[in-house]
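This briefing walks through selected helices, side-chain pairs and a surface patch. Keep the structure open while reading.

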Amino acid sequence: FALFTAQFGVLGLHNERRQGTLQRMVVSPTPRSAILAGNLGGVFLTVVFQLLVLILALTLVGSLLQGKFDFIWGDNLLLLAGLLLSVALAVSGFGILLAAIVRSPEQGNILAPITNMALGVLGGAFGFTLPRIAGAFSLVYWGREAFQKLAGGDTDIGLNLLVLVIQGGLMYLLGVWLFNRRFEVA
């Protein structure tokens, strides 16, 4: 869900381009990286909020099924918050990269679901897992595995957090670089 939210939020840059808003921002003294950072910030906060609602909803469903309050995400709220922020950064960075790659909103509307499904399959989001070597390429894998570990009481998610932050940062930087090279403003 977070992937769809992030990608379609960032793909709004193409609509801004069509409406002339992006051109006005780009010709201002604002660096393109700041434009993307602002867009990423909004998408990031939206994804964080969405993940918080999802965590609370799943906790509520789990509690109703148990007949008593049951916080299903483990006891370490600090690690849960770090994971939530890391996942939001990774999917937002991926959204920026996708927005820089596609040439139109229509392309994005086709490519985003395909990449999301592929990342979900690689990451084990559909109830089956591929060998770890395949899953390791998907940010879904690192997030899913960390959430499962926390839910099981295992707090050893440092590598997961590191990979998610690195993936998100690298995808953001690559997206900014591509945006600066390929995004026509005319």
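Which helices do the buried residues of H6 pack against? They pack against helix H1 (2–10), helix H2 (12–19), helix H5 (77–101) and helix H8 (139–151). The model is predicted.

**Helix H6**

- Helix H6 covers residues 105–123, which is 19 residues. From its first C-alpha to its last it reaches 26 Å, close to the 27 Å expected at 1.5 Å a residue.
- Its buried residues are Pro-105, Gly-108, Ala-112, Thr-115, Asn-116, Leu-119, Gly-120 and Gly-123.
- An α-helix has 3.6 residues a turn, so residues three or four places apart point the same way.
- After H6 comes Gly-124, with a positive phi near 80°.

**Nonpolar surface patch**

- A nonpolar patch on the surface is formed by Met-117, Val-121, Phe-126, Phe-128 and Leu-130. Together these residues have about 420 Å² of accessible area.
- Met-117 is located in helix H6. Met-117 counts as partly exposed because its relative accessibility is 42%, between the limits of 20% for buried and 50% for exposed.

**Helix H8**

- H8 has 13 residues and spans 18 Å from its first C-alpha to its last, close to the 18 Å expected at 1.5 Å a residue.
- Ten of the 13 residues of H8 are buried, so the helix is largely enclosed by the rest of the structure.
- The buried residues in H8 are Leu-139, Val-140, Tyr-141, Trp-142, Gly-143, Arg-144, Glu-145, Ala-146, Phe-147 and Leu-150.
- The cover over these buried residues includes H1, H4, H5, H6, H7 and helix H9 (158–182).

**Aromatic pairs**

- There are two aromatic pairs in the structure.
- In one of them, the ring centres of Trp-73 and Phe-147 lie 5.6 Å apart with the planes at 70°, so the pair is edge-to-face. An angle over 60 degrees is what edge-to-face requires.
- This pair links distant parts of the chain, 74 residues apart: Trp-73 lies in the loop between helix H4 (32–66) and H5, and Phe-147 lies in helix H8.
- Trp-73 counts as buried at 11% relative accessibility, and Phe-147 is buried with a relative accessible area of 16%.
- Tyr-141 and Trp-142 also pair: their ring centres are 5.1 Å apart and their planes stand at 85°, so this pair is edge-to-face.
- Tyr-141 is buried, with a relative accessible area of 7%. Trp-142 is buried, with a relative accessible area of 7%.

**Salt bridges**

- Two salt bridges are found in a search of the whole structure.
- Glu-106 and Arg-18 form a salt bridge through their side chains, at 2.7 Å from N to O. The pair links distant parts of the chain, with Glu-106 in helix H6 and Arg-18 in helix H2, 88 residues apart.
- Are the two partners buried or exposed? Glu-106 counts as partly exposed at 41% relative accessibility, whereas Arg-18 is exposed at 54% relative accessible area.
- Glu-145 and Arg-132 form a salt bridge in which the closest N and O atoms are 3.8 Å apart. This pair also links distant parts of the chain, with Glu-145 in helix H8 and Arg-132 in helix H7 (residues 132–135), 13 residues apart.
- Glu-145 is buried, with a relative accessible area of 14%, because the value falls under the 20% limit. Arg-132 is partly exposed, with a relative accessible area of 44%.

**Leu-40 in helix H4**

- Leu-40 is part of helix H4. Leu-40 is buried, with a relative accessible area of 11%.
- Which residues does Leu-40 touch, not counting residues up to four places away in sequence? Leu-40 touches Ser-92, Gly-93, Ile-96 and Tyr-172.
- The C-alpha atoms of Leu-40 and Ala-88 are 10.0 Å apart, and these two residues are 48 residues apart along the chain.

Definitions and conventions: Residues are numbered from 1 along each chain as its sequence is written. Side-chain values use heavy atoms; hydrogens and water are left out. Helices (H or I, at least four residues) and strands (E, at least two) are DSSP runs, numbered from the N terminus. The expected span of a helix is 1.5 Å times one less than its number of residues. Buried means under 20% relative accessible area, exposed over 50%, partly exposed in between (1.4 Å probe, protein chains only). Contact means heavy atoms within 4.5 Å. Patches are made of residues with over 30% relative accessible area and no salt bridge: like charges are joined within 9 Å, nonpolar side chains (Val, Leu, Ile, Met, Phe, Trp, Tyr) within 5 Å. Accessible areas come from the Shrake-Rupley method with a 1.4 Å probe; for residues, only the protein chains shown count as cover. A salt bridge is a side-chain nitrogen of Lys or Arg within 4 Å of a carboxyl oxygen of Asp or Glu. Rings of Phe, Tyr and Trp (its six-membered ring) pair if their centres lie within 6.5 Å; planes under 30 degrees apart count as stacked, over 60 as edge-to-face and the rest as tilted.
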